[in-house]
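Subject: Structure handover

Hello,

Here is the structure I promised to pass on. Please open it first, then read my notes below.

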Amino acid sequence: MKTMSRNNASTGRSAMTVLLAMAVAAGGALAIWRPWSKPAPSEVRLRARLDEYVDLRRASNWKAIYSMSDPIEQAKVGLDAFLRFYGGEMTRFLGLDVKEAHMDAERGVATIDVEIEHEVIPERLPAQFRRNLTLEDKDSLKQRGPHKLEWVWRDGDWYMGMDRVVLTGRAREGRPAAPQSNH
C-alpha cells in the first residue's frame, strides 16, 4: 500500500508541476500578446485603410465606404442619406495619387493629401448641369484635382471623415449642396 500511495503522490506532484508550467507559459504569452490592449495608430495601418478605400471606390461600393467612415459621423448621417448623396455616381473614379500624409498619433488624427482623377458621366448629371455641358472633346470630361482625406483613430482602427458637404448639406462657400435628383 505504501508503494501505491507514493506513486499517487509522485503523480500528483508531476501533474501539479505540468499545470504550473502551463500557467506560467500562458501568462507569459498573454503578457507578450496582450489581447486586451488595442493597437496604436500607425502609418502602415493608415496606408492599408487608404488602399482599401481606393479598391472600394473603384468598385463603387458605397455601403462599404460608409462602413469605413467615422462612427460618430455615421450617427449624424445615416446610410440612406450617404447613399442619396453619393449613389447617383455622377463621376467615375479613375485613380488617386498620394501627395503627402500627415499623422498625429497622439491625437489619433491624420490627413492624406491626394490628387483624385475622375470622369464626369453626363447622363447621370442633373438636367440643369447637363444642358451647360459641351461634349465635343470626351477627354474634357476627365478631371484631376487635389483633395484632403481626413482620418480619425477610433477603437483600434483608422476611420475616414465624411466630406463637410455630406455632414452639413452646404458647400464650402455656404450655399446649399443637397444631392440633386435626375428627375
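Let's start with Met22, which lies in helix H1 (residues 2-33). Helices here are DSSP runs of H or I with at least four residues, strands are runs of E with at least two, and both are numbered from the N terminus. Met22 counts as exposed because its relative accessibility is 52%. The cut-offs: buried is under 20% relative accessible area, exposed is over 50%, and partly exposed is in between (1.4 Å probe, protein chains only).

Two notes on the source. This is a predicted model, where local features need pLDDT of at least 70 and side-chain atom pairs count only at pLDDT 80 or more, while totals for chains, interfaces and linings use all residues. Residues are numbered from 1 along each chain as its sequence is written, and side-chain values use heavy atoms, leaving out hydrogens and water.

**Core**

The largest nonpolar core has 25 residues. Such a core is a set of buried Ala, Val, Leu, Ile, Met, Phe, Trp, Tyr and Cys residues joined through side-chain atoms within 4.5 Å. Among those with the most contacts inside it are Leu50, Ile65 and Trp151. Elements that each supply at least two of its residues include helix H2 (43-58), helix H3 (62-68) and strand E3 (142-154). Leaving aside neighbours within four places in sequence, Ile65 is in contact (heavy atoms within 4.5 Å) with Tyr53, Leu56, Arg57, Phe82 and Met160.

**Loops**

Asp70 is found in the loop between H3 and helix H4 (71-76). Asp70 is buried, at 5% relative accessible area. Not counting residues up to four places away, Asp70 touches Val152, Arg154, Tyr159 and Met160.

Most residues other than glycine have a negative phi. Ser60, in the loop between H2 and H3, has a positive phi near 55°. Asp155, in the loop between E3 and E4, has a positive phi of about 50°.

**Salt bridges**

How many salt bridges does a search of the whole structure find? Eleven. Each is a side-chain nitrogen of Lys or Arg within 4 Å of a carboxyl oxygen of Asp or Glu. Asp113 and Lys148 meet in one, at 2.8 Å, N to O. Asp113 lies in strand E2 and Lys148 in strand E3, so this pair ties together parts 35 residues apart in sequence. Arg144 and Glu115 form another, at 2.5 Å. Arg144 lies in strand E3 and Glu115 in strand E2, so here the parts tied together are 29 residues apart in sequence. Shared partners also join Arg45, Arg49, Glu52 and Asp157 into one network.

Best wishes
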